[in-house]
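This report concerns helix packing and salt bridges in one protein model. The sequence and the structure are shown first.

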Amino acid sequence: MLIKYEFLKILRKKSTLIVMAASLLVTAFLFALPVIQFQTYHQEGVIHGLAGIKYKKAQTENYSVLLTDEYITETIREVRQLFNNPEYVGYDGYEKFLIDNAYWDGVAPREELLDMIAKNYSGPGENAGYNSLPDLDISNGTDFYGARQEKITKLLDSASRELSAEQKTYWQNMNRKVEEPFQYGFCEGWKIIISSFELLMFPLLAVCIVTAPIFSGEYQAKTDAVILSAKYGKTKLAAAKITASYLFSVLAFTLHILIAFGLPLAAFGFDGWDLPVQIANTAIPYPFTFLQAVLVNLGVVYLVLSAMTGLTLLLSSKMKSPYFVLIVLVPVLFIPMFLSPNGTAGIYNLILFLLPYRSAMPELGKYLSYQFSGIVADAFTMRAILYTVLTVIMLPLARLGFQKHQAV
């Protein structure tokens, strides 16, 4: 009954309704933008919005294939034949490219696929497009997955990454779990979700704003003396407030997730959920499908939510006003937004990638790893451990802070 009362107390506040309504609108707008702004091209011009999505989806489905070496070899031959005809080739002073029908019929419908193949053969940090495919030696066929492995080895051996032998072994072992050959297909909705996770910091902030007065609001309203002197004021009521806060946080955040993920998936469809993330970047070492990558990172984000809710409750139990709580929380959440990593190694970078804002980003292709003696953990594992530990530490401290509060 106490938990129900405290939960309804949170819900019935006018400030809760205002903050949640504003947050839901902002979330809907931010995650709807990729749909509204989407555009693709055909020979007659630009196609915008839902019409453009439908057109691109139909084009991509024509090339939903298993990327075997035989298929890739034949694809490269087709592009080379187009470049062999001078009438089809343009030149801008820097590079050659296909023009007119050669481009619109032979390249445009599968340009992302061709670019993905080309980038697989480029060096680390180098950019490559379909126009680099004719330069590849395919006299003896292709070894697409051998080239992928060579690229990953070069990435791991890069001096700037400063990876230890144990860390390199860790990533190589993980990469061996990636299934080959890759299935290619349409997955635009899932790509948008994976690239937009950091936008969930806004609903996370909204949840913190609503839970900030849980304890400090009682201090501010001068009701703390009555509550703490009651029979269960320092025991069951304190636990009920914390439980109700977590229940609200999870439910409110889940509602935001449904809107945030639902909008792009409604527009682009669920297609591609079972495709490997490597079709977005062949150097990704995680053996995930798009759905698995989203779920794993979403699990980490929920742990960040849990820890931030715990921090909010701890601050609320210690401070006399909810505004003071937010003065601490807002910088914790958003200052990392303005800090840029200068690499993937070093104390500064490794800490930055563990802060709440950066922890929301999957960083699938960055080979972020943390080593303690001979034990190596990737970013997902490290973030999960860190925010679980923080939650476990902060909740008892929040309860203790309220129990020890001296009413004045």
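The sections below describe helix contacts and then charged pairs in this predicted model.

## Helix 10 and its two partners

Helix 10 (residues 201-211) packs with helix 14 (residues 290-318) at an angle of about 30 degrees, and the two axes are 9 Å apart. Angles under 35 degrees count as roughly parallel, so helix 10 and helix 14 are roughly parallel to each other. The crossing in which helix 10 passes helix 14 is right-handed. On the side of helix 10, the contact is made by Leu204, Val207, Cys208 and Thr211. Helix 14 brings Val304, Leu305, Met308, Thr309, Thr312 and Leu313 to this contact. By class, the contact of helix 10 with helix 14 has seven nonpolar and three polar residues, and no charged ones.

Helix 2 (residues 14-36) also meets helix 10: their axes come within 9 Å and cross at roughly 175 degrees. Angles over 145 degrees count as roughly antiparallel, and helix 2 and helix 10 are therefore roughly antiparallel to each other. From helix 2, the residues in contact are Thr16, Val19, Met20, Ser23, Thr27 and Leu30. From helix 10, they are Phe202, Pro203, Ala206, Val207, Ile209 and Val210. The contact of helix 2 with helix 10 divides into nine nonpolar and three polar residues, with no charged residue. Val207 of helix 10 takes part both in the contact with helix 14 and in the contact with helix 2.

## The buried side of helix 6

Helix 6 spans residues 111-121, and its buried residues are Leu113, Leu114, Asp115, Met116, Ile117, Ala118 and Asn120. These buried residues pack against helix 4 (69-83), helix 5 (100-106) and helix 7 (144-157).

## Salt bridges

Side chains of opposite charge can pair when their charged atoms come close. The count for this model comes to 10 salt bridges. One of the pairs is Asp271 with Lys57, whose closest N and O atoms are 2.9 Å apart. Asp271 lies in the loop between helix 13 (236-268) and helix 14, while Lys57 lies in helix 3 (residues 49-61), so the pair ties together parts that are 214 residues apart in sequence. Asp271 counts as partly exposed at 28% relative accessibility, and Lys57 is also partly exposed, with a relative accessible area of 22%.

Glu74 and Arg77 form a salt bridge with an N to O distance of 4.0 Å. Both residues lie in helix 4, three residues apart, which is about one turn of the helix. Glu74 is partly exposed at 38% relative accessibility, as is Arg77 at 37%.

## A buried partner and a network

Lys366 forms a salt bridge with Glu363, and their closest N and O atoms are 3.2 Å apart. Which of these residues is buried and which is partly exposed? Lys366 is partly exposed, with a relative accessible area of 30%. Glu363 has a relative accessible area of 12% and is therefore buried, the cut-off for buried being under 20%.

Salt bridges also link Lys56, Glu112, Glu188 and Lys191 in a network.

Definitions and conventions
Residues are numbered from 1 along each chain as its sequence is written. This is a predicted model: local features need pLDDT of at least 70, side-chain atom pairs count only at pLDDT 80 or more; totals for chains, interfaces and linings use all residues. Side-chain values use heavy atoms; hydrogens and water are left out. Buried means under 20% relative accessible area, exposed over 50%, partly exposed in between (1.4 Å probe, protein chains only). Helices (H or I, at least four residues) and strands (E, at least two) are DSSP runs, numbered from the N terminus. Contact means heavy atoms within 4.5 Å. Axes are lines fitted to C-alpha atoms, for helices over the stretch in contact, and angles run from 0 to 180 degrees between N-to-C directions. Angles under 35 degrees count as roughly parallel, over 145 as roughly antiparallel, 65 to 115 as roughly perpendicular and the rest as oblique. A crossing is left-handed if the near helix is turned anticlockwise from the far one by less than a right angle, and right-handed if clockwise. Ala, Val, Leu, Ile, Met, Phe, Trp, Tyr, Cys and Pro count as nonpolar, Asp, Glu, Lys and Arg as charged, and the others, Gly among them, as polar. A salt bridge is a side-chain nitrogen of Lys or Arg within 4 Å of a carboxyl oxygen of Asp or Glu.
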